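Please keep the structure open while reading.

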Amino acid sequence: MVSNNIPTVKLGIIAVSRDCFPIALSTQRRENIVKEYKGEIFNCQTTVENEADMNKAVEEVKAAGCNALVVFLGNFGPETPETLIAKKFDGPCMFVAAAEGDGDMINGRGDAYCGMLNCSYNLGMRHLKGFIPAYPVGTANEIAKMIEDFIPVARVILGLKGLKIITFGPRPQDFFACNAPIKGLYELGVEIEENSELDLLVSYREHANDPRIADVCEDMRKEMGEGKYYEELLARMAQFELTLLDWAEAHKGDRQYVAFADKCWPAFPSQFGFEPCYVNSRLVSRGIPVACEVDIYGALSEYIGMCASDDTVTLLDINNSTPQYIYDEDIVPKYGQKYSLTDTFMGFHCGNTPSCKMCSNRAIKFQLIQNRLLENGCTPDFTRGTLEGDIAASPVTFYRLQCDSEGNLRSYIAEGEVLDVPTRSFGGIGIFAIPEMGRFYRHVLIQKGYPHHGAVAFNHVGRILFDVFKYLGIKDVAYNQPKSLPYPTENPWA
């Protein structure tokens, strides 16, 4: 996904060397890594043996524009200078160590396997964060692969550091499940700006007759295709899109990136003249999440997923169970017994999913539930503006980072897929399959008090998200456990 709303990781590598080991072990092994790594990386020529070297090396990578670092223990390494790099450098640092195997086990043995223990211990004593891979010791080729895995983690960390979440309006009545203690945002380093719906309406009206509206309307026509939109709504929706984009630019402050969490009902459609869902879908497809129903942690989760997957995402209700007849008639003939009925569910929202992640039947339509509520089920007028259709088959990761009512950050991650099966329903909707979803639903989502909204990344990025949440210090990272691993609240005699 190309977007100026997520960071570009500019990576550097610094080798460290304990002064009683040959420095050539670190310098040559660093060169081997740079040669093996296929991406761009700044090769810092100062090898750190002491604190003076450390300051010099950090200044070099800063001057080169690096915002993330690989600290490489080519031998045992100097514990104090190498860990102070993480303190002096204002960005995520990965610590990795060299495996032996250069051929000389007398003068060519580096003992970095041992040094990594002292490095991690020193980081802990100094309360410094460092990203350490699952097995952080490797050859040049293996460390090059670790660096590739570090890139999306670094992108998330940098993104959160520069993120502001902008909200409009309080949550709708009876949607308090999407509670949002801002304490958790500040702990993550995320800023927030909370506004009234009236602020948004005033700004929207000020954008009437904006000369850019015509171009946005034409772009909407091209995106949807003939017969898939309401011509008379386009100018209103384009006006709203420009309102949000201009607000983001004007209100970033000292932050580089934004996400929105907006109130979309019940007052919005009658006052703006349309439902905002399609516009929301267009923004998230460009890297700017717009979470429904002022779901602040939903917007945060979406943004994290974008940075992790380098792709667009969506936010859906964990909505309804799959009917037995759809399972029998559509799922079993195509997927056999791969999934049980309770492994499946339908994820739904009114129409915020990007059109590029939907089947060809997608179109701008009206919100049936809001039409019942606000227009008495009559011919839809201002309840039009949703993006409806089945979500296309895809691997997915369903996840959420949430600050609970006690102020504790917690998260869940579950990988699965959107099935290539028609939903026979309305809205932006898909049939999801996640192994052991029924147990996960009961013993994680219900048991731990998660709201009905879940973020969706259109790829398997559970490993990346787990590393991100661990780096952020999230102690509770739940997942869909196999039957062989019961949940603490699961009845063993069930």
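**Charges and a loop residue**

Lys88 sits in helix α3, which covers residues 79-88. The model is a predicted one. With a relative accessible area of 41%, Lys88 is partly exposed, since that value falls between the limits of 20% for buried and 50% for exposed. Lys88 also belongs to a positive surface patch, which is formed together with Lys62, Lys87 and Arg126.

Other charged side chains are paired. The structure holds 33 salt bridges. One of them joins the side chains of Arg18 and Glu79, at 3.4 Å from N to O. Arg18 lies in the loop between β1 (11-16) and α1 (23-36), while Glu79 lies in helix α3, so the pair ties together parts that are 61 residues apart in sequence. Arg18 counts as partly exposed, at 26% relative accessibility.

A salt bridge also forms between the side chains of Glu100 and Arg29, with an N to O distance of 3.2 Å. Here Glu100 is in the loop between β4 (93-98) and α4 (112-125) and Arg29 is in helix α1, so this pair ties together parts that are 71 residues apart in sequence. Are the two partners buried or exposed, or partly exposed? Glu100 has 29% relative accessibility and counts as partly exposed. Arg29 has 5% and counts as buried, because buried means under 20%.

A further salt bridge links the side chains of Arg439 and Glu436, at 3.4 Å from N to O. Arg439 counts as buried, at 12% relative accessibility.

The last stop is a residue in a loop. Gln337 is placed between α13 (324-335) and β11 (344-349), in the loop that separates these elements. Its relative accessible area is 65%, so Gln337 is exposed, the cut-off being over 50%. Which residues does Gln337 contact, leaving aside neighbours within four places in sequence? With those neighbours set aside, Gln337 is in contact with Tyr327 and Val332.

Key:
Residues are numbered from 1 along each chain as its sequence is written. This is a predicted model: local features need pLDDT of at least 70, side-chain atom pairs count only at pLDDT 80 or more; totals for chains, interfaces and linings use all residues. Side-chain values use heavy atoms; hydrogens and water are left out. Helices (H or I, at least four residues) and strands (E, at least two) are DSSP runs, numbered from the N terminus. Buried means under 20% relative accessible area, exposed over 50%, partly exposed in between (1.4 Å probe, protein chains only). Contact means heavy atoms within 4.5 Å. Patches are made of residues with over 30% relative accessible area and no salt bridge: like charges are joined within 9 Å, nonpolar side chains (Val, Leu, Ile, Met, Phe, Trp, Tyr) within 5 Å. Accessible areas come from the Shrake-Rupley method with a 1.4 Å probe; for residues, only the protein chains shown count as cover. A salt bridge is a side-chain nitrogen of Lys or Arg within 4 Å of a carboxyl oxygen of Asp or Glu. Lys and Arg count as positive and Asp and Glu as negative; His and the chain ends are not counted. The place of a charge is taken as NZ of Lys, CZ of Arg, CG of Asp or CD of Glu.
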